[in-house]
Amino acid sequence: MKLTVNGEQQALDLEPRVTLLDALRDHLGLVGSKKGCDHGQCGACTVLIDGQRVYSCLTLAVMQEDKAIITIEGLAKGKTLHPVQAAFIENDGLQCGYCTPGQICASVALLDEVKRGCASVITPDLARPPELAELSEAEIKERLSGNLCRCSAYNGIVAAVQQVMGQTPPSPAATVMVKERQEMLT
């Protein structure tokens, strides 16, 4: 079979039951996509197939012939990082880094989906999907909800997406708000 991965055609001799994730990691040496849960529940293996985000652990490699597969390794152009990759670094959108490749691929797909006018489950007006400049933090979180981060770098991830969209991300300094119950004050 032949797969087009990161713009290059790759000839592989695989059993029909091999997942795309295993083909990428074990047969092509592209280890950026991570095997987290291997059940499509964490998103660490997210790649782009024909521009759509896909959990590579849930799809068979043989099903991807004649499709364009982009992994985290294929986002940068030479030594120039993709804008989402650069924004993740600038906004501390990673900690241990295990989920980062999937988070970045999902974020790239999110931006493309919004540009194409795709709504999410929380889009208030389906007749008027949000533009990038007006996409809310809640929309970003919903659209990335299939990708988990055990280190909880979510604030940096959201800030990175906001930066790439042209929004001003919130300050990285945490704001702590404590409200005491009324009866404790008396």
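**A chat about a predicted model**

Student: Which side chain is in polar contact with that of aspartate 22?
Tutor: In this predicted model, the side chains of aspartate 22 and lysine 35 are joined by a polar contact of 2.8 Å. A polar contact is a pair of N or O atoms within 3.5 Å; within protein, one must be able to donate a hydrogen and the other to accept it, and residues adjacent in sequence count only if both atoms are side-chain atoms.

Student: How far can I trust the numbers?
Tutor: Because the model is predicted, local features need pLDDT of at least 70 and side-chain atom pairs count only at pLDDT 80 or more, while totals for chains, interfaces and linings use all residues. Residues are numbered from 1 along each chain as its sequence is written, and side-chain values use heavy atoms, with hydrogens and water left out.

Student: What does aspartate 22 touch, and where is it found?
Tutor: Aspartate 22 touches His27 and Lys35, leaving aside residues up to four places away in sequence; contact means heavy atoms within 4.5 Å. Aspartate 22 is found in helix α1, residues 20-27. Helices (H or I, at least four residues) and strands (E, at least two) are DSSP runs, numbered from the N terminus.

Student: Which residues of α1 are buried?
Tutor: Leu20, Leu21, Asp22, Ala23 and Leu24 are the buried residues of α1. Buried means under 20% relative accessible area, exposed over 50%, and partly exposed in between, with a 1.4 Å probe and protein chains only. The buried residues of α1 pack against β1 (2-5), β3 and β5 (68-70). After α1 comes glycine 29, whose phi is positive, near 70°.

Student: Stepping back, how many helices and strands are there?
Tutor: The protein has six helices and five strands. Along the sequence, their pattern is β-β-α-β-β-β-α-α-α-α-α. The C-alpha atoms fill a box of roughly 75 × 35 × 30 Å along the principal axes, and 42% of the 186 residues are buried.

Student: What about α3 and α5: how do they cross?
Tutor: The axes of α3 (residues 100-115) and α5 (residues 154-164) come within 11 Å and cross at roughly 35°. Axes are lines fitted to C-alpha atoms, for helices over the stretch in contact, and angles run from 0 to 180 degrees between N-to-C directions. The crossing is right-handed: the near helix is turned clockwise from the far one by less than a right angle.

Student: Which residues make that contact?
Tutor: On the α3 side they are Gln103, Ser107, Leu110 and Leu111, and on the α5 side Tyr154, Ile157, Val161 and Val164. By class, this contact has six nonpolar, two polar and no charged residues. Ala, Val, Leu, Ile, Met, Phe, Trp, Tyr, Cys and Pro count as nonpolar, Asp, Glu, Lys and Arg as charged, and the others, Gly among them, as polar.

Student: What else does α5 pack against?
Tutor: The buried residues of α5 pack against α2, α3 and α4. Those buried residues are Gly156, Ile157, Val158, Ala159, Ala160, Val161 and Gln162. Glycine 166 follows α5 and has a positive phi, near 95°.

Student: How many residues are in the largest nonpolar core?
Tutor: The largest nonpolar core has 26 residues, and Leu110 and Ile140 have the most contacts inside it. Such a core is a set of buried Ala, Val, Leu, Ile, Met, Phe, Trp, Tyr and Cys residues joined through side-chain atoms within 4.5 Å. The elements giving two or more residues to this core are α2 (83-90), α3 and α5. The largest share, eight residues, comes from α3. Apart from this core lies another, of 13 residues, among them Leu12, Val47, Ile49 and Ala61.

Student: What does isoleucine 140 touch?
Tutor: Not counting residues up to four places away in sequence, isoleucine 140 touches Leu110, Leu135, Val158, Val161, Gln162 and Met165.

Student: Changing topic, what is the phi of aspartate 50?
Tutor: Aspartate 50 has a phi near 50°, a positive value in a residue other than glycine. Most residues other than glycine have a negative phi. Aspartate 50 lies in the loop between β3 (46-49) and β4 (52-55). Serine 152 also has a positive phi, near 65°, and is found in the loop between α4 (137-143) and α5.

Student: And leucine 58, is that buried or exposed?
Tutor: Leucine 58 is exposed, because its relative accessible area is 53%. Leucine 58 lies in the loop between β4 and β5, and touches His39 and Gly40, not counting residues up to four places away in sequence.
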